[in-house]
Amino acid sequence: MHELKSIHKMGFRLLKMIHREDSSIIPLHLLELCLSLAQIYIGLFLTAGLIDALLAGDYSTAVRQAGYLLGANLLLGLSIRLLQRRFRSLGTRMWLVFYVWLREKVFAMDYESMEKPEAAEKILFSERTSDMYGGLGSLLNYYFNILRAILNIALSVSLVVHLCLTRPSGGSGLVGSLAAPVPSLALFTALLLGMCACSFRVFTRFAAKQLEIFERHTGVEERIGYMLNNVFGNERVGKIIRVYGMEEMILENSARCQEKSRAYFAERHDVETAANNANNLVSSVFALGAYLLAALKVVTGAVTVGAFTRYVGALNQFGSACFILIAGHGELRKICTTMTDFLAFLDMENPRAPGSIPVEKRDDGEYEFAFENVSFHYPGSDTLVLRDVNFKLRIKGKLAVVGRNGAGKTTFIKLLCRLYEPTQGRITLNGTDIRKYDEEEYRRIFGVVFQDFKLFAFPVWENVAAGYERQDVRIWEALEQADAADMVRNMENGLDTWLYKNVEDGVEVSGGEAQKLALARALYKDIPVVILDEPTAALDPKAEAEVYERFGQMVEGRTSIYISHRMSSCRFCDEIIVFEEGEIVEQGSHEALLAAGGCYAEMWNAQAKYYA
């Protein structure tokens, strides 16, 4: 009982969310429910009147009853069909809304929280189980099926109670005694209570089995999802598979996953079949007893033959409604169980306190950043990636951040952009801790090209404008600065050309071309700070040097930061900082650091042959 209460508590919360999204959905379902029940019971009463009129030879009344029956079925049936057509579109919308809610929550969470494995697991599990079990649309349908079943049971029971209370006009002995109101009512009550008790036992027994099977199957679905999305659905791994001859190995892995999945569905089908058979047996025993009771009433003259059909119809409705009620609760239990992680994800709170101070809008671009005793380790790890970093970023200067792999360069940038917060120390903007600023406003200061940048299967202009208003003149200027203008002009639809083939028949761009478009995106954003985190990794060293030389002109009047394993960018910078094991070990100009003969000079000399 406690479990049933928690399931409905979760279900009602989801219903409230659905109602907030579209206030017409629940009223329309209630209207359809009322019309469908009206069609059933109006049909039962009119059919009973039609049969009685025919048996009595009153053909004019029979014709009138038949007309009423036909008209009611036509009007109500047409109304129900129109509503059900509307429900199909609403169901699709609810399926999509589920994913919108997930993504809205993802975008509302801070980057640090979203990088935690448990958050990603909740998202993937929610999406996968929603696809398997129908999600919000199915939850809504099951709730209204349950409500329909409850109302159907109430109406059918009231009719059968009325049947029990009718007094026989004839009959004697045992038959006459059983047909009397009190014995009839006692007999029906015993049948009803016995059916409810048996149905509840069937439900609890098989529901536990179904839940246990579902929980065991989760890992299998994760492996199948990985194979479909990351192996078979990823064209980029095709060359690896062919070069190493991995076809047979991958197919064998896929076959093992599918075999486990087939075993799950076979076991699930067996349990559901057994549950249905048990419920059908219970319903059949109840129906047999109830039909005998109705027959007694007819034999003893308590009701007419037409009324008998009405009561038998009500008993049929009762049996099917009980089955729907039991099955619906089982399905609802399954859906609510799958929605647990979804709601847990929505309930996740950002660990960091939101800032509220607006960032000062400065036309002169005078923004000064300072790292003050900053140390940092990633969540779930005690290893410090940055150690006691102190640094003041020169206003409108060009800064190069260099160091070996894992030295802390990218982490330095993530902290500056407030994707993470320092474990110790603080970062300031114009003397104020950046944690006090509104996050969205603060990030508008930056235009960043990360080393793992991403372009989308959208038109070129949307990839460059990145959510800002489309201004073609500015887009072309940014493309020219990034050396991508000729590439876009040669595309069939120019700025309206779609990238990639995921959605439209777009164009595929190489790694170097994609990096140029990502650079154009950073330049299109009218911002005072430009950060390039290894943006030219797909270019050869000489081409990279040309890009940086051109970038020196592009970012004139802005503060710019360059991160690269290659040292060619350093020649164009006013200042260089060198990271080693999370610490700034050297700082100064290119010439000064070369003369010092330290870590920077060692890295420069190792790569100098490429810059000749």
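Me: What makes Phe-412 count as buried?

Reply: In this predicted model, Phe-412 has a relative accessible area of 1%. Buried means under 20%, so Phe-412 is called buried.

Me: How do you know whether Phe-391 is buried or exposed?

Reply: The relative accessible area of Phe-391 is 5%. That value is under 20%, and therefore Phe-391 is buried.

Me: Why is the pair of Phe-391 and Phe-412 called edge-to-face?

Reply: A pair of aromatic rings is described by the distance of the centres and the angle of the planes. The ring centres of Phe-391 and Phe-412 are 6.3 Å apart, which is within 6.5 Å, so the rings pair. Their planes stand at 65°, which is over 60, and therefore the pair is edge-to-face. Phe-391 belongs to strand 2 and Phe-412 to helix 13, and the two are 21 residues apart, so the pair links distant parts of the chain.

Me: How many aromatic pairs does the structure hold?

Reply: The structure holds 15 aromatic pairs. One of them is formed by Tyr-378 and Tyr-420.

Me: What makes the pair of Tyr-378 and Tyr-420 edge-to-face?

Reply: The centres of these rings, Tyr-378 and Tyr-420, lie 5.2 Å apart, with 90° between the planes. The distance is within 6.5 Å and the angle is over 60, so the pair is edge-to-face. Tyr-378 sits in the loop between strand 1 (369-376) and strand 2 (386-393), whereas Tyr-420 sits in the loop between helix 13 (409-416) and strand 4 (424-429). The two residues are 42 residues apart, and their pair links distant parts of the chain.

Me: Why is Tyr-378 called partly exposed, and what is Tyr-420 called?

Reply: Tyr-378 has a relative accessible area of 22%. This lies between the 20% and 50% limits, so Tyr-378 is partly exposed. Tyr-420 has 2%, which is under 20%, so Tyr-420 is buried.

Me: Which residues form one aromatic cluster?

Reply: The cluster is formed by Phe-369, Tyr-437, Tyr-442 and Phe-446.

Me: How do you know that the side chains of Glu-32 and Arg-148 meet in a salt bridge?

Reply: Side chains of opposite charge can pair when their charged atoms come close. For Glu-32 and Arg-148 the N to O distance is 2.4 Å, which is within 4 Å, so the contact is a salt bridge. Glu-32 lies in helix 2 and Arg-148 in helix 6 (residues 135-165), so the pair ties together parts that are 116 residues apart in sequence. Both Glu-32 and Arg-148 are buried. The structure holds 14 salt bridges.

Me: What makes the contact of Arg-404 and Glu-602 a salt bridge?

Reply: The N to O distance between the side chains of Arg-404 and Glu-602 is 3.3 Å; this is within 4 Å, so the pair qualifies as a salt bridge. Arg-404 is in the loop between strand 3 (398-403) and helix 13, and Glu-602 is in helix 21 (residues 599-607). These partners are 198 residues apart. At 34% relative accessibility, Arg-404 falls between 20% and 50% and therefore counts as partly exposed.

Me: Why is the contact of Asp-472 with Arg-470 called a salt bridge?

Reply: The closest N and O atoms of Asp-472 and Arg-470 are 2.7 Å apart, which is within 4 Å, so the name applies. Asp-472 has a relative accessible area of 33% and is partly exposed. Arg-470 is also partly exposed, with 30%.

Me: Which residues do salt bridges that share partners join into one network?

Reply: That network joins Arg-404, Glu-580 and Glu-602.

Me: Where does Leu-30 lie, and why is Leu-30 called partly exposed?

Reply: Leu-30 is found in helix 2 (residues 25-56). Its relative accessible area is 36%, between 20% and 50%, so Leu-30 is partly exposed. Together with Leu-147 and Leu-151, Leu-30 makes a nonpolar surface patch of about 200 Å².

Me: How many disulfides does the structure hold, and what makes Cys-164 buried?

Reply: The structure holds zero disulfides. Cys-164 has 0% relative accessibility, which is under 20%, so Cys-164 counts as buried. Cys-573, with a relative accessible area of 10%, is buried by the 20% limit as well.

Conventions: Residues are numbered from 1 along each chain as its sequence is written. This is a predicted model: local features need pLDDT of at least 70, side-chain atom pairs count only at pLDDT 80 or more; totals for chains, interfaces and linings use all residues. Side-chain values use heavy atoms; hydrogens and water are left out. Rings of Phe, Tyr and Trp (its six-membered ring) pair if their centres lie within 6.5 Å; planes under 30 degrees apart count as stacked, over 60 as edge-to-face and the rest as tilted. Helices (H or I, at least four residues) and strands (E, at least two) are DSSP runs, numbered from the N terminus. Buried means under 20% relative accessible area, exposed over 50%, partly exposed in between (1.4 Å probe, protein chains only). Patches are made of residues with over 30% relative accessible area and no salt bridge: like charges are joined within 9 Å, nonpolar side chains (Val, Leu, Ile, Met, Phe, Trp, Tyr) within 5 Å. Accessible areas come from the Shrake-Rupley method with a 1.4 Å probe; for residues, only the protein chains shown count as cover. A disulfide is a pair of cysteine sulfur atoms within 2.5 Å.
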